[in-house]
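Here is a short tour of one protein model, written to be read alongside the structure. Please keep the 3D view open as you go.

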Amino acid sequence: MADHSYYLYLGLALASLLLVLANKRRQRIPAALGHHGLRLPPGPWQLPVIGTLHHLAGQLPHRAMRDLARCHGPVMLLRMGELPTVVVSSREAAREVMKVHDAAFSSRPLNATVGAISNGGRDIIFAPYGEHWRQLRKVAITELLSARRVLSFRRVREEEVAAMLRSVAAASTSSAAVEMRARLSALVSDASARVLLGDRCKDRDMFLRELDRANELATGFNPADLWPSSWLARRLSTSVRRAQECREAVYRMLDGIIQEHLKKMDGGGVDEGQADDDDLITVLLRIQRNGELKIPLEMDVLKAVIFDLFAGGSDTSATALEWCMAELVRNPSAMERATAEVRRTFGAHGAVAEHALGDLRYLHLAIREALRLHPPLPLLLPRECQEPRRVLGYDVPRSATVLVNAWALGRDARCWPGGDPEEFRPERFEENGGAGEVDFKGTDFELLPFGAGRRMCPGMMFGLANVELALASLLFHFDWEVPGVAELDMTETFGVTVRRKAGLLLRPIVRVPVPGV
C-alpha cells in the first residue's frame, strides 16, 4: 500500500500480541469455516490474530491479491483480521459471483467505518440488499441517471469543458507546464455540482477534501473493521469518529443547499411539473413530496444519495480521465491516432460537439483500454455472501466478504491474448473475435470497471459523458508534452479509488484556437 497506510501493518503486527491477550474470547469467524465437509478455497498461510494481512503489507491490495492468486488459484480465501474474505480473480469465477449466483452475492458488508460514512447503509452504494436498496436503485435508474436525464445536462458539460479549455489555453501562453490533475478534478466536480445541486458549489474544495478522507477511510484496513469483536481494536481506531465527522461535514453543507431549494419550490421558483433539466436535488425533493414511494424518502436518505452521486460522479470520473490522459501521453502512436481522429471529425466546426462524439471510434477504444488497465475501483466494492454458494467448486460460507479483482481480470493473459496485457494498446479492441468483442457493460467478465449484475454502477453513462467530452476537447485543441525527458510516474495510490500518486504535469501547445480566448 502507499503513503502512510503502508505503515498500518507495522502497527498491526506489533499490536497483535496485545490483541491476543486482551481478546480472550475465541475469534468470531463464522462457524461454517470450521465445519467438516466444506471444500473451502485455498489460501496463503495465516498468523494468529492478523490472519493473512502480512501477505499484503507494503503492497497495494489489488496487486498483492493478484500475485497471491497466481499461487493459490482464482478463488482464494484470505482472513483479514477476523474477517473471512474470498477473492476471485478469473473471468469464470467473476461470472459465477456476478451472474450465476448474483442474488446470493448482492448485499454489502457494512463495517463500522463504512456504516459511519453511509449513515448505517442508508445510501445506494453501501445499502444492504433488500427493499430499501431496490427502491433507491429504481429511483436512480429511472429518475436520476436515465439516458434522457444524462442527455439533458449536455449544456452543463459543454460549458464546464469550455471553461476548463480557456483556463488551459491561458496557462499555455507562458510555455510552462500545467498541473492538469487539479483542473480535471475541478472540471468534473463543477459539472457534477451543477447537475446535482443546480449551481457550482462554493464549498467545492471542502467537499473534495471530505471525499478524499472518505476514500481513504472506506478501504476496510482499520482496526475497528478488521477486528469488530475486539474492544481494544475499537479503542485504538479513530476511523469511525473520523468517518462520522466526514459525513456530518458534508451533510451540513447539503442542509443549506436543500433549504434553498425548498424555499424556491415553496415560493414558486421551481415549476411544479417535472422538467428534464431539473437538478437532481429538485428531482429528489419532488419525489419526497409526492409521497408515492413505498418507503418514505427521509431527508437523511436524500442526503446520503446526493453524497453517493457526487462521489461517483466526480471522484471516479476524474480518476478515469486522468488515467486516460496519462496513458495517451505515454503512448505517442495512440495519442497521434486519437488526436487525428478528433481533429478530422470536428475540424470544420472549431470545437468538439457532444452530440457527435459517437463518431470517435478510436477515442472510445482508448477510453476502454484505459479502463481495462486502470479501473478506478480495482477491487470494485465488496459483496457479502447471504447464502452459502459454490464458486468454481469451492464453498463460500455465509457472511464471508467477496472481492472481485477487476484490476487482475483486466491484465489476465488468458483473457487478453495477442500481446502483452500490461501494454496500453487500444487496437486490441479492433481485432476480430477475442478482445474485439469485449465491452464494459457488464456482460463480459474480463472487463468490469463498472461491475456487473444487480450491484453494477447505475451511473456509468453519467460518468462516461464527463470523460468523453473532456478528453476529446483536450486532444482537439492542444498537443501535449511531458516537460523534460522524464517519463510520467504511473505509481498508484492506496484507496478505494486508485489514483495516480504523482500529479499530471503536462505542457499544452495550442493547435486549434479555443473559442473565447
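Predicted model: local features only at pLDDT ≥ 70, side-chain atom pairs only at ≥ 80, totals over all residues.

Residues are numbered from 1 along each chain as its sequence is written, and side-chain values use heavy atoms, with hydrogens and water left out.

**The helix pair**

Let us begin with α14 (residues 299-330) and α16 (residues 361-373), which pack at an angle of about 105° with their axes 9 Å apart. That makes α14 roughly perpendicular to α16, a label for angles of 65 to 115 degrees. Axes here are lines fitted to C-alpha atoms, for helices over the stretch in contact, and angles run from 0 to 180 degrees between N-to-C directions. Helices (H or I, at least four residues) and strands (E, at least two) are DSSP runs, numbered from the N terminus.

From α14, Ala320, Cys324, Glu327 and Leu328 meet Ala366, Ile367, Ala370, Leu371 and Leu373 of α16; contact means heavy atoms within 4.5 Å. The residues of this contact divide into 8 nonpolar, no polar and 1 charged.

**Cysteines and buried residues**

How many disulfides does the structure hold? There are 0, a disulfide being a pair of cysteine sulfur atoms within 2.5 Å. For Cys324, which is in no disulfide, the nearest cysteine sulfur is that of Cys457, 15 Å away.

| Residue | Relative accessible area | Class |
|---|---|---|
| Val283 | 1% | buried |
| Cys324 | 2% | buried |
| Cys385 | 1% | buried |

**The sheet**

Next comes an open sheet of 3 strands in the order β3-β9-β8, with antiparallel pairing. Its edge strands are β3 (178-179) and β8 (478-481), each of which pairs on one side only. Two strands pair if DSSP finds at least two bridges between them; β3 and β9 (residues 505-510) pair in the antiparallel sense over 2 bridges. Val178 stands opposite Leu506 in β9.

**Val283**

Where does Val283 sit? Val283 lies in helix α13 (residues 280-290). Leaving aside residues up to four places away in sequence, Val283 touches Glu143, Leu144, Arg149 and Asp278. Val283 and Arg154 are 129 residues apart in sequence and 17 Å apart in space, C-alpha to C-alpha.

Conventions: Buried < 20%, exposed > 50% of the residue type's maximum accessible area, 1.4 Å probe, protein only. Parallel < 35°, antiparallel > 145°, perpendicular 65-115°, else oblique. Nonpolar A, V, L, I, M, F, W, Y, C, P; charged D, E, K, R; others polar.
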